[in-house]
Amino acid sequence: MTRGRSDGTQKKRLIATICVVAIFLGFLYAYYGSIFGNQDHGAFALQRGSKSLSHYLMGNEDSEESTTSAEQDDAEDGVVPKSYPVCDDRHSELIPCLDRHLIYQMRLKLDLSLMEHYERHCPPPERRFNCLIPPPAGYKVPIKWPKSRDEVWKANIPHTHLAHEKSDQNWMVVKGEKIVFPGGGTHFHYGADKYIASIANMLNFSNDNLNNQGRLRTVLDVGCGVASFGGYLLSSNIIAMSLAPNDVHQNQIQFALERGIPAYLGVLGTKRLPYPSRSFELAHCSRCRIDWLQRDGILLLELDRLLRPGGYFAYSSPEAYAQDEEDLRIWRKMSDLVGRMCWRIAAKRNQTVIWQKPLTNDCYLQREPGTRPPLCRSDDDPDAVWGVQMEACITPYSDHDHKVKGSGLAPWPARLTSPPPRLQDFGYSTEMFEKDTEIWQRRVGSYWNLLSPKIESDTIRNVMDMKANMGSFGAALKDKDVWVMNVVPEDGPNTLKLIYDRGLIGSINNWCEAFSTYPRTYDLLHAWTVFSDIEKKECSIEDLLLEMDRILRPTGFVIIRDKQSIVDLIKKYLPALHWETVATANASSDSELDGDETVFIVQKKLWLTMPVVAQRGRISKQVPSSAV
């Protein structure tokens, strides 16, 4: 008996051990499969956040499985869902087209040396998230501009590694519940304001003001860090597109946007940046860690494409002043390259050199035959940027620009309302431009009247116009303390160059895909016929609504201007998104509306989640409050 019992005990122990190992392996497969496996990326998030917001708000403790399956069945049948699940907390900073996990899952073969892994790679429809991105624990309504330039809530971006890594450079400092930005940078420890004044002084601009009496307005800051350079330019009526990838300093652009400073996630890799040619008066790089000599200078040639005639490149780096052998070698090679590009040194002092691009094609035409880099082909469109590969060639000026010896732009602020010279590229007349400007001035006034019960003068800071056309919506906001990301759809007229010629900034995007920004980064989204366009392209309106919810800050607003049938459809999604109606106007109540056009304004509620242990022992999410 004893032996028999002993044998039985051993068998039971063996079976128990096998079961434990099987359970453990199952757990590993479920957890790591979500990161590295082939299973649907969005589906795993649905499992983890299976209880919806409305489920918790209603206090319903019934079976979570039944709720989730009902929601999924509704979506599959084409019925508008009553609620959306909450994504797992791990996805609170999800950027769908810049998602490293997606790259691993899809086994994309990318060249890391060319930074392809930092370029856009969007999920196919079956891998998109169908859940609401949760804010981090303790999230607060962001600090208002201009105070936000210098401090943000730590809970909103709970990442302090840059404060430790860059502690000697004054990037940022943790102080209690806040992260403070002293205004320092890698090459301007003692403040961006002093550094900016020194650049203006090097260029002999009056009063050490970099805006040069309104002639220098748009700036591209490459490898911008937390965008203090761009933040301090704003007081000089200069607007910078602060650009950086989602790299080892992965939250730098998130910090910039939380501060209320214009910024965009992008990288100088293999594709053109999403900006038209001749967009910026100044490009800037302060220890941006870019190898400008690689691939026949292709990255420097991309900056050349983006600079206006006579534009500047301010470069602060050891190569500009260090005397060790390697830095001297790089300096000699860069000097040779920019010389062949017809750039000249405008100024050089201490750690900074400023090169200037020529005003005309004369230098290009005087180069020896076979000089590299060559001029770009005559059939190359320098303004085609969406998914277009960079080329190691010089973009010459058009005959018009060559003759006028410059951009022909008025100084700021007259530039904003002066007809841009490149209107003729689209066959647009001055009268069309002026009428468009006047119409949007009235429309924006109407919008603000509708919003007035809900907003104060500092409520809105970061604004996105999702279909900007000629930029007249953004131009109408000039007297408000906001900045506008003007987005031009990639399949329409490429009017982004008109927007830059007005002294505004923006980017290209395909609204069938996600925008390159972090969650919770914009206070106001303006969607003029964007949903009608999406419908024509047979893309998902539901996907776009979820993307807008991802981009929008809690308590932020959406202004939808579209046909009535589109607005009626969107209204059905409001409970699931936890948006609420602010105002509606139609043609009968607003003379600015055309035909079937309707204005519909909604506000995103502030909702917070916190983990609780569910009855089955799983970690689930609870929403203790929902407020506006």
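Is glutamate 490 buried, partly exposed or exposed? In this predicted model, glutamate 490 has a relative accessible area of 29% and is therefore partly exposed. Its salt-bridge partner is lysine 537, with a separation of 3.6 Å from N to O. Lysine 537 is likewise assigned to the partly exposed class, because its relative accessibility is 32%.

Side chains of opposite charge can pair when their charged atoms come close. The structure holds 33 salt bridges. Another of them joins aspartate 549 to lysine 604, at 3.9 Å from N to O. This pair also connects distant parts of the chain: aspartate 549 belongs to helix H19 and lysine 604 to strand S17 (residues 597–604), 55 residues apart. Aspartate 549 and lysine 604 are both buried. Elsewhere, salt bridges with shared partners join Glu281, Arg308, Arg415, Arg422 and Asp501 into one network.

A further salt bridge is formed by the side chains of arginine 377 and aspartate 379, with 3.1 Å between N and O. Arginine 377 is partly exposed, at a relative accessible area of 48%. Aspartate 379 has a relative accessibility of 60% and therefore counts as exposed, because the exposed class begins over 50%.

In one of them, the ring centres of tryptophan 511 and phenylalanine 515 are 5.9 Å apart and the ring planes meet at 20°, so the pair is stacked. Tryptophan 511 is buried, with a relative accessible area of 6%. Phenylalanine 515 is buried as well, and its relative accessible area is 1%. Both residues belong to a cluster linked by ring pairs, which also includes Tyr264, Tyr275, Phe280 and Tyr500.

Charged side chains also meet aromatic rings. The charged end of lysine 140 is placed over the ring of tryptophan 153, at 3.9 Å from the ring centre. In a second case, the charged end of arginine 259 sits over the ring of phenylalanine 181, and the distance to the ring centre is 4.1 Å.

Notes: Residues are numbered from 1 along each chain as its sequence is written. This is a predicted model: local features need pLDDT of at least 70, side-chain atom pairs count only at pLDDT 80 or more; totals for chains, interfaces and linings use all residues. Side-chain values use heavy atoms; hydrogens and water are left out. A salt bridge is a side-chain nitrogen of Lys or Arg within 4 Å of a carboxyl oxygen of Asp or Glu. Buried means under 20% relative accessible area, exposed over 50%, partly exposed in between (1.4 Å probe, protein chains only). Helices (H or I, at least four residues) and strands (E, at least two) are DSSP runs, numbered from the N terminus. Rings of Phe, Tyr and Trp (its six-membered ring) pair if their centres lie within 6.5 Å; planes under 30 degrees apart count as stacked, over 60 as edge-to-face and the rest as tilted. A charge sits over a ring if NZ of Lys or CZ of Arg is within 6 Å of the ring centre and within 35 degrees of the ring normal.
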